[in-house]
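Here is a short report on one protein model. It covers a pocket, some aromatic rings and a set of strands.

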Amino acid sequence: MRFSGILFDLDGTLLDTLPDLADAANAMRRDMGLPPIAEDIIGTYVGKGVEQLVIRTLSHEGAAANVDMVMRGLARYQDHYRALNGQRSHLYTGVLEGLQAFRDQGARLAVVTNKGTEFTAPLLRQKGLDGYFDAVVCGDTCARKKPDPMPLLHACDLLGTSPAGTLFIGDSINDALAANAAGMRVLALPYGYNEGRPVQSLPVDAIVDSLVEAAQWAADATSQTEHA
């Protein structure tokens, strides 16, 4: 069958946003009298939304952050990220070409991210991506975030596609689990943020090197089905 809908994760899939996320996290830690953390370590804390990023970053030394500390840290992080959002983030190689290839296949496209709407919309505009998508589902759009399937199913509703006819492309365990629970085919990219785990461990249909390769995989899957 032809995939009528393609869903994409944002951070670690379309954009390398880690530099800005790490800068904001370390600015928050500095405000709270804590030393900075290496960017690659902060990358292992990315994926389950801003609240979990703040909790993990504040608990880096081993002691669990209390509720007051988390609330203060979240406010400081959001202030810093609001100012830094997009400054050092950049598109991964092949993203624009891959998005265009999917559009050429006649698919409707959507972003499904755990990032809040406040940060997602301006980031997509700033990087010239907003015109590619028919829908955007953010971390505060639904009652639950990935790895729950709810945001993916909501994106299907917005696109008018069925889960079985929709392909999800991401980079982490949250993406894989959400797609599997939603009954979608799922591809993983190897260059994102999988909480420090090897991408080869993900329960996905295939690992592809770029969005261009993902579009070719989708075209090949369609061709194989049509000729079956």
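## The largest pocket

About 430 Å³ of space lies in the largest pocket of this predicted model. A pocket here is an open set of points on a 1 Å grid over the protein atoms alone, where a 1.4 Å probe fits, with protein on both sides within 12 Å along at least five of seven lines. The volume is the space filled by probe spheres set on the points.

The lining counts 30 residues, each with an atom within 4 Å of a point. Nearest the centre lie Gly49, Val50, Asn114, Lys115 and Gly116. Helices α3 (50–58), α4, α6 (117–126) and α8 each give two or more residues to this lining. Helices are DSSP runs of H or I with at least four residues, strands are runs of E with at least two, and both are numbered from the N terminus. By type, the lining has 9 nonpolar, 10 polar and 11 charged residues. Asp, Glu, Lys and Arg count as charged; Ala, Val, Leu, Ile, Met, Phe, Trp, Tyr, Cys and Pro count as nonpolar; the others, Gly among them, are polar.

## How the model is read

Residues are numbered from 1 along each chain as its sequence is written. The model is predicted, so to speak of local features requires pLDDT of at least 70, and side-chain atom pairs count only at pLDDT 80 or more, while totals for chains, interfaces and linings use all residues; side-chain values use heavy atoms, without hydrogens and water.

## Aromatic pairs

The whole structure holds 6 aromatic pairs. Rings of Phe, Tyr and Trp (its six-membered ring) pair if their centres lie within 6.5 Å; planes under 30 degrees apart are stacked, over 60 edge-to-face, the rest tilted. Phe8 and Phe102 have ring centres 5.7 Å apart and planes at 70°, so they are edge-to-face. Phe8 lies in strand β1 (residues 5–8) and Phe102 in helix α5 (residues 95–104), so the pair ties together parts 94 residues apart in sequence. Both are buried, meaning under 20% relative accessible area with a 1.4 Å probe, protein chains only. With Phe133, they form one aromatic cluster.

Tyr77 and Tyr81 are stacked, because their centres are 5.8 Å apart and their planes at 15°. Both lie in helix α4 (residues 67–84), 4 residues apart. Tyr77 is buried at 2%, and Tyr81 is buried at 2%.

## Parallel strands

Strands β6 (residues 166–170) and β7 (residues 185–188) run parallel, joined by 4 bridges. Strands pair if DSSP finds at least two bridges between them. Leu167 stands opposite Arg185. Strand β7 also runs parallel to β8 (residues 206–207), with 2 bridges. There, Ala188 partners Ile207.

Note on methods:
Buried means under 20% relative accessible area, exposed over 50%, partly exposed in between (1.4 Å probe, protein chains only).
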